[in-house]
Amino acid sequence: MLAALLLRSEHVVPVERLVAILWGESPPPTAVAQIQKCVSQLRGELGPELIIRSGNGYRLHLGEHRFDLRTFDRAVADARAALAQDRRLDALEAYCAGLAQWRGEPLADGTEELIRTESPALEERRIGVLMERIETDLALGRHGELVSELKALVGEQPLRERLRGQLMLALYRCGRVADALAVYQAGRTLIAEELGLEPGGELQRLHEAILVGGPGLDLPRKEPDEAPERVWSPIAPVVPAQLPPSIADFTGRADQVGRIRETLTTGDKESLALVALSGKGGVGKSTLAVQAARRVADQFPDGQLYIRLRTADTRPLDPLVALKRFLRALGVGEEGIPDDLEECSELFRSRTASSRMLILLDDAVSEAQVRPLLPGSPGCVVLITSRPRLTGLESATHVDLDVFNAEESGALIERIAGRHRVVGDEATTAEIARLCGYLPLAVRIAAARLAQHSQGGITRFARRLADERRRLDVLVSGDLEVRATLATGYQELGPREREAFCLLGLIDAPDFASWLLAPLLRITIDEAEDLIEELVSTQLLDVIGCDVAGQTRYRYHNLVRLYAKERAQAEYSQAQCREALARVLDGWLILSTTAAQRITGERSQEWPAGARGASQRYDGFDRSDVDYIVEDPYLWFEAERPALASAVAMACSNGFGRIAWELADSTTDFLELRHLYDDWEASHRLALAAADADGDTLGVGVMSLRLANLRCIRRDPEAGLELVDRAGAVFEDLGVGALRSECLVIRAGALRALGRLGPALTEVTRATELAQDSSSRFAQALAARELGTIRYEQGRWELSSAAFQEAVRLGRLAGNRREEALALRHWAVVLRHRGELQEAREKAETALAAFHELGDRPYEAFSGLTLGLSLLELRDPSARRFIEEGHAVLRDMNLEFGMGELFYVLASLELADGHIDRAVDRLAQSIRLLGAEPVHHVLLSAVELLCRALDAEDRAAGQVLRLELAELAACIGTPAPAHRLDSILALVARRVTGRNPVVTLSRVPVLQPLH
């Protein structure tokens, strides 16, 4: 294991690779544990800082430590540097020092797998450097000393033509021309017998030169300051230059080009520099790779090799075919190229052993296709493009390429289509780029199509592109086609992966978690995760990150989804697609309902017998799967909320009205908890329309009830009454007592908001009776809290306190923590008004903690304000913190309610600080807002506090204001007379600012209305 880490020092060796090295194809079940044990032992012997865990593998960090292979590589690098400066003696010394590190067979004590996979490459490195050292000896005129060594080497490796050529040249320079020719003839005979081929072209040319005593065979006589004469090399170099041309309109990608250039030119000089560039089809991998390669090409004097690793019909290219092309480019004749992949790969490594060459492998399919094409020389660099991320390539630097951003897309459109076609219509250009999903290929095609239009055609083109059904048809220009590019990746999928790819295209959601594939394909969660990962690895599905619930979320690029949907509709019947979509929607419903129950406890969702319908078609989730997915229901809803909204819309548009309204209903409590009123309105309106269209009376009733509550929250009680009356009629016909009780509670709240306290009290009394008859603790808790609110507005403090106390008890019994917390907070207000300050403080603190845990920030803020007022009267300095924190939350959230109460509390704090002017301004704001509703005690409290503030500077004004207060008190429960409010605000406007004495607070209640 240590040898495996040493061979890849400073690079991560995956655990799977270590297991394979130690046990081959039959590892024990405890292999990973044994690897960990071996690592611990090595750390004990070498030091803990040398072996570092990194991802799914280990990295050996040697620092300044040395071992034989590293010493060898450094010596070779020194030798080559010396040769570049024409210091041949220094180079020879360095070569000899490096080769001295080789003693015996490499990895002699290693495992069979280690020897099989690593030893050949090591031997190639040794032989390649040995031949470089012999070249240096020949250049120094030491041919006589080389003959014996070369004879032995040729005897050991008779098919290695470079060694044979070196022996021929050494013999020729010793005057042994006949022997040199005999060495050639012996080699020719052997190659013909073993391979059925003639010697390579370079060896043949050397033979011909010896026959005629050609120039360059002898050592040159160099005069001082004379340019060096060309000396014959046994194998003359061929310098290929195969890189495709750069495109003139290359756009963006500066960071990626810079990273690739840096890796290729400044990487580890002791190992092969390898960059693997991956990304979905059409993202511009090949274009980027060619651009980056051309910018560093001049640093690789031995040439550049290029090959596309797919055939014209997009099938994977056989690596043997690729190797043969490379060898031909390097000057090897057809007769010298083996037909065996392993032999061909060995020959390629030999030919590149001492080279500085750049190799671009474009559109690779797999690691197995790439590995035979990798050179052995650390002087070479390799740049690979592929759709899948080739994670199995050891020591590779991975660059993941994503789509353009909006700015890069716009720039490319302008460069191709021409600035004159887009100037003045930048918004349409941006929309075209967005419709292309910023995919470079799609953007390029769109720009090319635009270039064919006359000026003004951009709007028509954008309109055509906006039609999803035709978008892929539009994105075609010449031989560029988005659909064909996507088809390449699709055709490489297995049958199960194809099914997953197609059916996922039916899901029109912004993103999704892997569990969604389980109901879609009727498979387990584990199988779903495996299929999802396969789609990700082929770059057909994007990972967008981890959500707040800890789930990895995925999505299709919009053009990929259109292609997937197109394939689904082509390969599956309409009934099959509909059933698959229904299963997914049912899966969402199961999870959403479970999460809702865990948030709210008991809830009024007991539909009457026979009314439930047949929406539950999927029952494939294990209980443990459901528990795992919705382990934290709050976080699950937070993560899944956009997808759930899309699911409701999908259900409505595909005729699944029943699923739509049940799914919308399951989200109600969470949306209310997070005060997401726009989402609530949109989803429930859609579901109500679907239920209406289906004639589903229960759905109409439930959605009308939930929307009635929302209308009351949003200060529209008249609309709330209309909706709740419709719901009440449905539930009365169906005989659903608990839901009828909820309707009456909402009706009572709407009447109260309209100032009709008497009828509101009647309705809430009926609601209590129905809730008790139906044994619904939740409905009873709602009714008790509404009763407490009505009694509060009537000024019946004792009755109000008793009702809130009962609401707390019932909410707790129902297991509904939010309902319990709401009642606690309202109870604290009443207790404070009654002078029971310590108990009010305790109830407010408990409510504050509960809302904080629930994540209900507005009601956490309101509870903080209530607590702050109690603490002000208790002369507790911490009051300021709670009031200021509550103010900050409500200011940032810009709610549709509660601001009048907020200004009242802020005024109380200003008065406590002795800032009368600011307090009066706050109270004026509060009275303006509160005066828009029927007169209630918060408004009266604000006016009373204003009286006391004005008393300190203008007692006459305070007395006038008290007369107005008395008139207002007589109007409680009815709309505030406009002239009274105008009179009060006029007094504020005319006040004379004087000295700011401190005003003692009276006990005035603050109660946020029931929302």
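# Loops, charges and contacts

Biologist: Where is the place of Asn-816?
Modeller: Asn-816 sits in the loop between helix 37 and helix 38 (817-833). Helices (H or I, at least four residues) and strands (E, at least two) are DSSP runs, numbered from the N terminus.

Biologist: What sort of model is this, and how are residues numbered?
Modeller: This is a predicted model, in which local features need pLDDT of at least 70 and side-chain atom pairs count only at pLDDT 80 or more, while totals for chains, interfaces and linings use all residues. Residues are numbered from 1 along each chain as its sequence is written, and side-chain values use heavy atoms, with hydrogens and water left out.

Biologist: Back to Asn-816: buried or exposed?
Modeller: Asn-816 counts as buried because its relative accessibility is 6%. Buried means under 20% relative accessible area, exposed means over 50%, and partly exposed is in between (1.4 Å probe, protein chains only).

Biologist: How far are the C-alpha atoms of Asn-816 and Arg-832 separated?
Modeller: They are separated by 25 Å, and the two residues are 16 residues apart along the chain.

Biologist: And Ser-801, which helix is that in?
Modeller: Ser-801 is in helix 37 (residues 797-814). Ser-801 also counts as buried, at 5% relative accessibility.

Biologist: What is Ser-801 in contact with?
Modeller: Leaving aside neighbours within four places in sequence, Ser-801 is in contact with Trp-827, Val-830, Leu-831 and Arg-834. Contact means heavy atoms within 4.5 Å.

Biologist: Changing topic: how many salt bridges does the structure hold?
Modeller: There are 69 salt bridges. A salt bridge is a side-chain nitrogen of Lys or Arg within 4 Å of a carboxyl oxygen of Asp or Glu. In general, side chains of opposite charge can pair when their charged atoms come close.

Biologist: Which side chain meets Glu-394 in a salt bridge?
Modeller: That of Arg-371, at 3.9 Å from N to O. Glu-394 lies in the loop between strand 7 (381-386) and strand 8 (397-400), and Arg-371 in the loop between helix 15 (367-370) and strand 7, so the pair ties together parts that are 23 residues apart in sequence. Glu-394 is partly exposed at 25% relative accessibility, and Arg-371 is partly exposed at 37%.

Biologist: What about Arg-553 and Asp-547, buried or exposed?
Modeller: Both are buried. They form a salt bridge whose closest N and O atoms are 3.0 Å apart.

Biologist: Which side chain does Arg-598 meet?
Modeller: Arg-598 meets Asp-627 in a salt bridge, 2.5 Å from N to O. This pair links distant parts of the chain, with Arg-598 in helix 27 (residues 574-600) and Asp-627 in helix 28 (residues 623-629), 29 residues apart. Arg-598 is partly exposed at 37% relative accessibility, and Asp-627 is partly exposed at 33%.

Biologist: Where does Arg-715 lie?
Modeller: In the loop between helix 32 (697-713) and helix 33 (717-734). Arg-715 is partly exposed, with a relative accessible area of 31%, and has a positive phi of about 65 degrees although it is not a glycine. Most residues other than glycine have a negative phi.

Biologist: Now Arg-253: what is its phi?
Modeller: Arg-253 has a positive phi of about 65 degrees, and is not a glycine either. Arg-253 is found in the loop between helix 10 (201-212) and helix 11 (254-266), and counts as buried at 5% relative accessibility.

Biologist: And Asp-696, what is it in contact with?
Modeller: Neighbours within four places in sequence aside, Asp-696 is in contact with Arg-658, Trp-661 and Ala-691. Asp-696 lies in the loop between helix 31 (677-694) and helix 32, and counts as buried at 14% relative accessibility.

Biologist: Last one: where does Gln-85 lie?
Modeller: Gln-85 lies in the loop between helix 4 (68-84) and helix 5 (88-99). Gln-85 counts as exposed because its relative accessibility is 54%.
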